[in-house]
Amino acid sequence: GGGVGVGVSSPSAKAHIQTASSGSSVASSGDELFVEGSGHAGITVGAGNTSKASLFFADDGDSAAGRIRYDHSDNSMQFGTNGQAERLRVDASGNLLVGTTNTDPAFNNVTGQSMASTGQLQVTRDGGVAALFNRKTSDGDIVQFRKDGGTVGSIGGSVGSYGYMHLG
């Protein structure tokens, strides 16, 4: 069939290497490389098309459980889980995007989180609390607001579970 096999009598790819004892194999087909352990757990590295290169992680059988993809068209690195759905992206500017591909979710009113390479954090959530902060063990500031490194305000909790806000 045009394939070369090492340790396997019927290669399933152009190049297929299999260890007899464990059932693990390495195979190459077109522009993809498959590394398979016993029980079909393994990874696939492939270009898929000329604008994207991906690393797929399979759980069992032939379904991919996770994916890391580099997209040349926008120079982003994408991370997927649960059948390859994208969950996280680092864009060409170094912005970390979670649950969105939008770098300004708060300004554009779209659900997701953006941690910009400039230091700005934006969070938008549909129908729930957008941020939670918790302090354990002792009373005191939970959030501080700073200007040029100096504290200009804070929000905290004190004895008896009462909150406070201090400005100035």
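Two strands pair if DSSP finds at least two bridges between them. Strands here are DSSP runs of E with at least two residues, numbered from the N terminus. With that in hand, take β9 and strand β10, residues 96-98. They pair in the antiparallel sense over 3 bridges.

A word on the source. This is a predicted model, where local features need pLDDT of at least 70, side-chain atom pairs count only at pLDDT 80 or more, and totals for chains, interfaces and linings use all residues. Residues are numbered from 1 along each chain as its sequence is written, and side-chain values use heavy atoms, with hydrogens and water left out.

Back to the strands. β9 and β10 form a hairpin, with 5 residues between them. Gly94 sits in the turn, and its phi is positive, about 90 degrees.

Leu88 in β9 is the bridge partner of Phe79. In β10, Leu88 has Val98 as its bridge partner.

Next, the backbone. Most residues other than glycine have a negative phi. Which phi does Asn75 have? A positive one, about 55 degrees, although Asn75 is not a glycine. Asn75 is in the loop between β7 (64-71) and β8. Asp148 also has a positive phi of about 55 degrees, and Asp148 is not a glycine. Find Asp148 in the loop between β13 (140-147) and β14.

Buried or exposed? The cut-offs: buried is under 20% relative accessible area, exposed is over 50%, and partly exposed is in between, with a 1.4 Å probe and protein chains only. Asp148 has 72%, so it is exposed. Asn75 has 41% relative accessibility, so it is partly exposed. Ala116 has 17%, so it counts as buried. Ala116 lies in the loop between β11 (112-115) and β12 (121-124). From Ala116 to Asp104 is 12 residues in sequence and 8.9 Å in space, C-alpha to C-alpha.

Last, the surface. Phe145, Val152, Ile155, Met165 and Leu167 make a nonpolar patch of about 490 Å². β14 (150-158) and β15 (162-167) are the elements that give two or more residues to that patch. Nonpolar side chains (Val, Leu, Ile, Met, Phe, Trp, Tyr) are joined within 5 Å, like charges within 9 Å. Areas come from the Shrake-Rupley method with a 1.4 Å probe; for residues, only the protein chains shown count as cover. Ile155 is in strand β14. At 34% relative accessibility, Ile155 is partly exposed.

Notes: Patch = residues over 30% accessible without salt bridge, like charges linked within 9 Å, V, L, I, M, F, W, Y side chains within 5 Å. Salt bridge = Lys/Arg side-chain N within 4 Å of Asp/Glu carboxyl O. Helix = DSSP H or I, 4+ residues; strand = E, 2+ residues; numbered from the N terminus.
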